[in-house]
Amino acid sequence: MDYKLYYWDLPFRSIFIELLLEEVGAQYRKCDATEIYPERSLKIKNPGMAPPYLYECKSKTYFAQMPAILMHLGREYDYLPKRAETHTLALKTILDCNDVLMEITNFNGMSMWSKPDWETFRYGRLSDWMKIFERTGLEHGLKGDKGFLLGTTLSVADIATTALFGTMVYSFPQLKEDLQENAPHIAVLCQRVEARPAIKKFLAAQRERYGNGYCGGQIEKSLRKVIE
Ligand SMILES: N[C@@H](CCC(=O)N[C@@H](CS)C(=O)NCC(=O)O)C(=O)O
């Protein structure tokens with residue numbers, strides 16, 4: 001086994017890491033977050049505040065922070081763009097994804113969604129985020145149903161973009177039209193990445209298991225209430 005991935009029983013942030021591990025064919029086991037969090041969060045090598053945690057068996061090392069874990073695996077399996085600009089944009093894209101996760105959950109459920117606030121976010125910031133990904137792709141590699149977000153080869157940026165928007169529209173099909181309208185090339189990119197053999201097999205099993213579960217908790221209930 002190459003890795004252990006510690007997270008909750010939901011796709012939300014771990015799917016970013018799982019899609020890459022599946023894509024590269026790594027051997028890994030998903031473990032319950034409570035095996036580390038919160039008792040051992042500060043005691044493990046390379047302490048981290050919150051899950052997801054990745055344990056790398058060969059180096060007996062832990063990593064927290066989803067973006068850092070994706071960059072580490074991207075370097076390990078050569079899924080990082082080579083040019084300085086697109087290498088930086090790969091990290092920027094993953095950090096953008098994390099910002100969208102924070103914003104769509106109203107900062108990890110700090111407050112629940114009201115219908116007017118949600119509508120303002122949905123047709124304001126969320127559609128702007130979708131346009132940012134779309135424009136980035138059109139500037140660097142996406143053409144019709146060819147190319148990738150940051151060039152001619154698949155990178156961590158495509159995995160992260162698909163983990164974000166592919167999961168979002170699967171969990172909330174009502175948002176499919178938003179993605180189609182604001183980011184049609186990103187919508188196609190997500191379908192292409194989700195159709196890759198290893199990822200397709202993984203998603204079929206995960207969606208069988210979690211249904212359209214997303215981030216869980218009160219905030220998911222609140223999201224469903226304002227979206228449905
Ligand atoms: N920025 C961190 C966020 C980690 C995070 O918020 N994890 C959530 C689950 S998605 C959690 O369990 N938080 C518990 C806590 O913050 O104490 C990352 O990208 O990994």
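Trainee: How many salt bridges are counted between domain 1 and domain 2?
Mentor: This is a predicted model: local features need pLDDT of at least 70, side-chain atom pairs count only at pLDDT 80 or more, and totals for chains, interfaces and linings use all residues. Residues are numbered from 1 along each chain as its sequence is written, and side-chain values use heavy atoms, with hydrogens and water left out. A salt bridge is a side-chain nitrogen of Lys or Arg within 4 Å of a carboxyl oxygen of Asp or Glu. Between domain 1 and domain 2 the count is two.

Trainee: Which residue forms a salt bridge with aspartate 9?
Mentor: Look at the closest N and O atoms of the pair, which are 2.9 Å apart. The partner of aspartate 9 is arginine 209.

Trainee: Which element gives the most to the side of domain 1 that touches domain 2?
Mentor: Seven residue pairs, both at pLDDT 80 or more, are in polar contact between the domains (N or O atoms within 3.5 Å; within protein, one must be able to donate a hydrogen and the other to accept it, and residues adjacent in sequence count only if both atoms are side-chain atoms). On the domain 1 side, helix H1 (14-24), strand S2 (28-32) and helix H2 (66-76) each supply at least two residues; helices (H or I, at least four residues) and strands (E, at least two) are DSSP runs, numbered from the N terminus. With seven residues, the top contributor is H1.

Trainee: Where do the bounds of domain 1 and domain 2 fall?
Mentor: Domain bounds come from an automatic or database domain assignment. Domain 1 covers 3-76 and domain 2 covers 84-227.

Trainee: Which three residues supply more than any other three of the area that domain 1 buries against domain 2?
Mentor: The C-alpha centres of the domains lie 20 Å apart, and 20 residues of domain 1 contact 30 of domain 2 (heavy atoms within 4.5 Å). The buried area, meaning the accessible area (1.4 Å probe) that two parts lose on being put together, summed over both, is about 2300 Å², with 73% from carbon and sulfur atoms. Of domain 1's part, 29% comes from Phe12, Phe16 and Leu19.

Trainee: What radius of gyration does the protein have?
Mentor: Ten helices and four strands follow the pattern β-α-β-β-β-α-α-α-α-α-α-α-α-α. The globule rule gives 17 Å for 228 residues, and the protein is close to that, so it is as compact as a globular protein of that length. The radius is taken over C-alpha atoms, and the rule is 2.2 Å times the number of residues to the power 0.38. The protein's own value is 17 Å.

Trainee: How far apart in sequence are the parts that lysine 58 and glutamate 76 tie together?
Mentor: Their salt bridge has its closest N and O atoms 2.3 Å apart. Lysine 58 lies in the loop between strand S3 (53-56) and strand S4 (61-64), while glutamate 76 is in helix H2, so the separation bridged is 18 residues.

Trainee: What is omega for the peptide bond from proline 51 to proline 52?
Mentor: Proline 52 also has its place in the loop between S2 and S3. The bond is cis, with omega near 10 degrees.

Trainee: What is the phi of aspartate 78?
Mentor: Most residues other than glycine have a negative phi. Aspartate 78, in the loop between H2 and helix H3 (84-104), has a positive phi of about 60 degrees.
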